[in-house]
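Let's go through a structure together, one feature at a time. Bring your questions and we'll work from the general idea to the case at hand.

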Amino acid sequence: MDGADSTRKEVFIFLGPPGVGKGTQAFRFAKALEIPHIATGDMLRDAAARKTPLGLEAKSKYMDQGKLVPDEVVQGIVQDRLGQDDCQGGCVLDGFPRTGAQAEYLEQATSRLGLPVGKAFYLDAPEEVVVERTSGRRACPSCGSNYHVKHLPPKKEGICDECGTELIWRPDDRPETVLERQRVYRAQTAELIDYYEGRSVLTRIDASGDVETIQKAILEARSG
Ligand code: AMP
């Protein structure tokens, strides 16, 4: 835990196009602050792996096509998770909100819980960097850690450093679905940059460098 700021109870948000490195940075940030990392994509994939009706439907109808799962479904998942004890000292949201309606919902939910949105980090990088990162990404289906075949390989090829699970190439990281996810991001999520700028919590981070440099910039922006 990093000293004086540790008493601040806030929700941190990570915004940016698919493949920019949000998952990796949100995970590291949460670890550095010792607060929960809540990734709606991981929770939905976990529900699908457990073959719950909600998880199976979300995967087949939306996720595998690169489309967004309906707001009510994701909001329900986030509401349950935010209400748990370990979130009362703050948490990191990764992949939520993704629409204006989800952002409005979050504002109400966080004000009820007394956990304001402290910062929204907008990870920005040129499109060619983002596409290259997505195509080389490998993910841990168990703990949600992300790797890259070239830029962030695991210590042992194909195996998660954190939990030893075999890494996968997510179906929605295949080229055809990646393009749809980029389109959905521009159409439905990019507007949240203005939304959080308007609330004076947005911090733009240059996410074109290496993982350590970006992490340092985020941690500095958080204390600033
Ligand atoms: P991610 O791991 O964040 O890239 O999410 C993978 C997929 O899960 C997305 O492409 C969506 O289909 C779904 N998903 C995750 N978070 C949300 C959200 N906040 N709203 C709608 N769909 C979501």
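Predicted model: local features only at pLDDT ≥ 70, side-chain atom pairs only at ≥ 80, totals over all residues.

Q: Let's do aromatic pairs. How many does a search of the whole structure find?

A: Here's the rule: rings of Phe, Tyr and Trp (its six-membered ring) pair if their centres lie within 6.5 Å; planes under 30 degrees apart are stacked, over 60 edge-to-face, and the rest tilted. The search finds six such pairs. One of them is F14 with F29, an edge-to-face pair at 5.6 Å centre to centre with 65 degrees between the planes. F14 belongs to strand β1 (residues 11-15) and F29 to helix α1, so this pair ties together parts 15 residues apart in sequence. Helices (H or I, at least four residues) and strands (E, at least two) are DSSP runs, numbered from the N terminus.

Q: What other ring pairs with F14, and how are the two planes set?

A: That's F121: the ring centres are 5.2 Å apart and the planes sit at 50 degrees, so the pair is tilted. F121 is in strand β4 (residues 117-124) and F14 in strand β1, so this pair links parts 107 residues apart in sequence. Ring pairs join F12, F14, F29 and F121 into a cluster.

Q: Are F14 and F121 buried or exposed?

A: Buried means under 20% relative accessible area, exposed means over 50%, and partly exposed is in between (1.4 Å probe, protein chains only). F14 counts as buried because its relative accessibility is 2%, and F121 does so at 0%. F29 is buried as well.

Q: Which residues does F121 touch?

A: A contact means heavy atoms within 4.5 Å. Leaving out residues up to four places away in sequence, F121 touches F12, I13, F14, L15, F29, T203, I205, I218, A221 and R222. F121 and L202 are 81 residues apart in sequence, yet their C-alpha atoms are 6.0 Å apart in space.

Q: Where do charges sit over rings?

A: The test is that NZ of Lys or CZ of Arg is within 6 Å of the ring centre and within 35 degrees of the ring normal. The charged end of R138 sits over the ring of W169, 4.8 Å from its centre. R199 lies over the face of Y195, at 3.8 Å from the ring centre.

Q: Which residues of α3 are buried, and what do they pack against?

A: G55, A58 and Y62 are buried in α3. Seen down the axis, the buried residues fall within an arc of 90 degrees (taken from the directions from the helix axis to the C-beta atoms), so they line one face of the helix. They pack against α2.

Q: How do I read the second largest pocket?

A: Rolling a probe the size of a water molecule over the atoms shows where empty space is left. On a 1 Å grid over the protein atoms alone, a pocket is an open set of points where a 1.4 Å probe fits, with protein on both sides within 12 Å along at least five of seven lines; lining residues have an atom within 4 Å of a point. The second largest pocket has a volume of about 310 Å³, meaning the space filled by probe spheres set on the points, with grid points joined across faces, edges and corners. Its lining has 20 residues, with T24, R133, H148, L152 and V211 nearest the centre. The largest share, four residues, comes from α1.

Note on methods: Residues numbered from 1 in each chain as written. Heavy atoms only, no water.
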